[in-house]
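Here is a short note for someone opening this structure for the first time. Please read it with the sequence and the model side by side.

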Amino acid sequence: MSLQSVPRLSFDFFSSRPIDVELSSSPISTDAGLLPIRQFDERIRLTEQFTAALEDKRDPAFVEHSLLTMVRQRIYGILADYEDQNDHDTLRSDPIFKLIADRLPEDPDLSSQPTLSRFENAVSIPDLWHLRDVLVDLFIQSFDRPPRHLTLDIDAFDDPAHGAQQLIMFHGYYDQYQYLPIVITCAENDLVLLVGLRHGTCEASLGADNDLRYLVARLRTVWPDVHIHVRGDSGFGVPRMYIVCRELRLSYTFGIGMNSRLRELSDDLLKEVTEEYERTHQPQRRFFATCYRAKTWAYEQPIVIKVEVHAQGTNRRAVVTNRPGWHVLPSAVYDEYAERGESENRNKELKSEL
């Protein structure tokens with residue numbers, strides 16, 4: 001980009017060195033930070049694979065902007081915090097956005113807001129299924145060699161809505177109108193494998209069993225011997241999730257809420273731990289492992305209960321698992337489950353930073 005010769009302004013309020021400001025009549029952008037992301041995109045071909053999943057039903061005789069150009073406009077706009085399509089009425093002439101879309105700064109402008117709106121509304125249900133495949137394809141491509149073990153973390157998070165979007169509902173716990181998406185991430189490389197948009201008041205585990213069937217089928221097609229472990233909080237610790245994990249030969253660890261029976265089972269240990277804390281004034285943590293069957297379960301299952309006493313009081317938490325060695329090393333089973341907290345950072349990034 002050529003710069004016109006214009007006068008410089010100098011300031012000396014910065015003590016260590018003078019400040020020179022050069023004005024330019026050439027088009028300038030504040031979004032140059034997108035350029036290295038575009039370089040990375042060139043390597044993993046995300047936007048290319050994204051675009052290939054979409055069907056273009058437009059008449060070629062009237063097409064001015066390719067699907068790839070519009071996909072890059074929209075994705076990079078969101079990355080740069082331009083979440084509204086109206087922003088693109090200005091960004092369409094931005095030199096950085098033109099470069100991202102493989103145009104020179106002096107080339108014609110990119111798509112306008114109405115064009116982008118028509119593009120997004122043209123996306124069909126089959127397109128969405130194909131886009132779901134793209135995330136899994138990218139995940140598979142991220143491995144240089146077949147993995148022997150994968151840990152899949154399933155979670156739900158609130159996605160507040162501020163208009164009249166379809167399927168938003170008021171959720172009393174979150175005190176807002178929202179969606180409640182489901183997301184599945186991999187603990188081994190922090191990648192997102194699946195994201196599903198769901199209505200705002202659905203139960204946390206809605207559709208998670210079918211999502212697992214889809215993912216496991218895709219992964220075992222390329223890695224037939226991979227061992228898959230599934231983790232989720234108590235919202236996913238429901239009978240149909242235990243059933244699907246057994247059906248698919250998965251190991252699992254799910255949270256379970258402490259009820260009166262679990263408290264009764266761990267009362268003696270809580271008493272011992274409390275006495276030890278009162279004697280030493282040091283935080284105490286012990287584990288209790290046994291088999292348990294709730295009324296809604298078809299069979300008895302192993303559970304691990306953590307009993308903790310410290311200056312803030314007592315804390316009892318439980319997980320349901322089918323992991324080998326649960327009765328020998330219950331602390332390892334629970335601590336490995338607690339590591340799923342790191343996967344929640346992916347949810348925060350998806351919700352707050354993208």
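This is a predicted model: local features need pLDDT of at least 70, side-chain atom pairs count only at pLDDT 80 or more; totals for chains, interfaces and linings use all residues.

1. **Strand 9 and its partners.** Strand 9 covers residues 227–232, and strand 3 covers residues 149–156. These two strands pair in the parallel sense over six bridges. Thr 151 has His 229 of strand 9 as its bridge partner. Ile 154 stands opposite Gly 232, again in strand 9. Strand 10 also runs parallel to strand 9, and four bridges join the two. Here Gly 232 stands opposite Phe 254 of strand 10.

2. **Burial of strand 9.** Is strand 9 largely enclosed or open? Five of its six residues are buried, so strand 9 is largely enclosed by the rest of the structure.

3. **The antiparallel part.** Strand 10 and strand 13 pair in the antiparallel sense over four bridges. Thr 253 has Thr 321 of strand 13 as its bridge partner. Strand 12 and strand 13 also run antiparallel, joined by eight bridges. Val 309 stands opposite Thr 314 of strand 13. A hairpin of two residues links strand 12 to strand 13.

4. **Tyr 334.** This residue lies in helix 11. Tyr 334 is buried, with a relative accessible area of 8%. Beyond its neighbours within four places in sequence, Tyr 334 contacts Phe 287, Val 304, Lys 306, Arg 317 and Val 319. Tyr 334 and Arg 317 are 17 residues apart in sequence, and their C-alpha atoms are 9.3 Å apart in space.

5. **Gln 301.** Is Gln 301 buried or exposed? At 0% relative accessibility, Gln 301 counts as buried. Gln 301 lies in strand 12. Leaving aside neighbours within four places in sequence, Gln 301 is in contact with Tyr 242, Arg 246, Tyr 252, Thr 290, Cys 291, Tyr 292 and Val 320.

6. **Helix 3 with helix 6.** Turn now to the helix pairs. Helix 3 (residues 67–79) and helix 6 (residues 113–121) pack at an angle of about 100°. Their axes are 11 Å apart. The two helices are therefore roughly perpendicular to each other. Helix 3 brings Leu 67, Met 70, Val 71, Gln 73 and Arg 74, which meet Thr 115, Leu 116, Phe 119 and Glu 120 of helix 6. By class, this contact has five nonpolar, two polar and two charged residues.

7. **Burial in helix 6.** Which residues of helix 6 are buried? They are Thr 115, Leu 116, Ser 117 and Phe 119. Their cover includes helix 3 and helix 4 (88–91).

8. **Helix 7 with helix 8.** Helix 7 (residues 125–141) and helix 8 (residues 208–222) cross at roughly 40°, and their axes come within 11 Å. Helix 7 and helix 8 are therefore oblique to each other. The crossing is right-handed. On helix 7 the contact is made by Arg 132, Asp 133, Val 136, Asp 137, Phe 139 and Ile 140. On helix 8 it is made by Asp 211, Tyr 214, Leu 215, Arg 218, Leu 219 and Val 222. By class, the contact has seven nonpolar, no polar and five charged residues.

Methods
Residues are numbered from 1 along each chain as its sequence is written. Side-chain values use heavy atoms; hydrogens and water are left out. Axes are lines fitted to C-alpha atoms, for helices over the stretch in contact, and angles run from 0 to 180 degrees between N-to-C directions. Angles under 35 degrees count as roughly parallel, over 145 as roughly antiparallel, 65 to 115 as roughly perpendicular and the rest as oblique. A crossing is left-handed if the near helix is turned anticlockwise from the far one by less than a right angle, and right-handed if clockwise. Contact means heavy atoms within 4.5 Å. Ala, Val, Leu, Ile, Met, Phe, Trp, Tyr, Cys and Pro count as nonpolar, Asp, Glu, Lys and Arg as charged, and the others, Gly among them, as polar. Two strands pair if DSSP finds at least two bridges between them. Buried means under 20% relative accessible area, exposed over 50%, partly exposed in between (1.4 Å probe, protein chains only).
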